[in-house]
Amino acid sequence: MTTTAPHLDLSRSALLLMDFQPAVLAAVPDADQVLSRAHTALSWARSNDVQVAHVRVAFTAEDFAAVPARNKTFAPVAQNGFLADGSPEAAFHASFDVAEQDITVRKIRISAFAGTPDLRTALRDRGIDTLVLAGLSTGGVVLTTLRQAADDDFRLYVLKDATGDHDPEVHRVLTEKVFPSQAYVIDTDELGTLSKTV
């Protein structure tokens with residue numbers, strides 16, 4: 001996949017690994033392949049001292065109680081107690097090593113910015129202005145986070161092969177037709193060629 005993406009300033013970049021959780025992976029075709037490519041991206045980040053942020057969706061009892069019945073996406077989640085904080089399905093995938101210097105976010109809506117700690121503040125405090133996005137699903141957390149991050153003036157890269165959706169056609173349309181207007185859509189193998197230190 002050729003790209004005209006600019007080089008990454010590693011000192012100002014962060015890799016966001018979003019919703020790589022057992023319950024989410026179970027709903028995505030070719031989940032093992034997407035997970036493998038996410039690990040490739042994580043290895044790149046570790047080798048280049050790039051900030052890593054792990055994002056997951058999980059609810060406390062108070063969070064469930066605060067979901068209004070009119071919320072089409074999350075009312076059924078709350079009613080069924082799905083993705084309860086502390087449950088196996090809501091944990092980060094066991095294959096990921098979460099390092100002390102990593103940012104970890106527990107969110108209660110689709111966007112990575114709808115969580116605690118406040119991801120936007122955590123990134124800005126570290127001088128981050130460029131985000132590399134990987135996650136599940138393409139039409140969920142990746143789309144919503146990308147839109148918000150673009151409005152916040154972050155430079156954005158989406159790892160096409162480290163994202164996935166339960167509907168492959170949604171993934172294709174978003175990565176080929178929608179995302180390129182706000183982000184550079186690349187494969188994980190391109191990370192090395194786009195990296196530079198300053």
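The tour below goes from the sheet to its strands and then to its helices.

This is a predicted model, where local features need pLDDT of at least 70, side-chain atom pairs count only at pLDDT 80 or more, and totals for chains, interfaces and linings use all residues. Residues are numbered from 1 along each chain as its sequence is written, and side-chain values use heavy atoms, leaving out hydrogens and water.

Begin with the sheet. Strands of a sheet pair through backbone hydrogen bonds, either parallel or antiparallel. Here seven strands make an open sheet, ordered 5-4-3-2-6-7-8, with mixed pairing. Strands (E, at least two residues) and helices (H or I, at least four) are DSSP runs, numbered from the N terminus. Two strands count as paired if DSSP finds at least two bridges between them. Strand 5 (115-116) and strand 8 (184-186) are the edges, each pairing on one side only.

Now look at strand 4 (residues 103-107). With strand 3 (residues 51-57) it pairs in the parallel sense, over five bridges. Alanine 53 stands opposite isoleucine 103, and valine 55 has valine 105 as its bridge partner. Strand 4 and strand 5 run antiparallel, joined by two bridges. There, arginine 106 partners threonine 116.

Which side chains of strand 4 are buried? Ile103, Val105 and Lys107 point to one face and are buried (under 20% relative accessible area, with a 1.4 Å probe and protein chains only).

Contact means heavy atoms within 4.5 Å. The buried residues of helix 2 include Val34, Leu35, Ala38 and Trp44. Just after helix 2, aspartate 49 has a positive phi of about 55 degrees.

Helix 6 (residues 138-151) also packs on the sheet, where it touches strand 2, strand 4, strand 6 and strand 7. Its axis comes within 10 Å of that of helix 7 (residues 168-178), and the two cross at roughly 25 degrees. Axes are lines fitted to C-alpha atoms, for helices over the stretch in contact, and angles run from 0 to 180 degrees between N-to-C directions. Helix 6 is therefore roughly parallel to helix 7 (angles under 35 degrees). At this contact, Thr138, Gly139, Leu143 and Arg147 of helix 6 meet Val170, His171, Leu174, Thr175 and Val178 of helix 7.

How values were computed: Angles under 35 degrees count as roughly parallel, over 145 as roughly antiparallel, 65 to 115 as roughly perpendicular and the rest as oblique. Buried means under 20% relative accessible area, exposed over 50%, partly exposed in between (1.4 Å probe, protein chains only).
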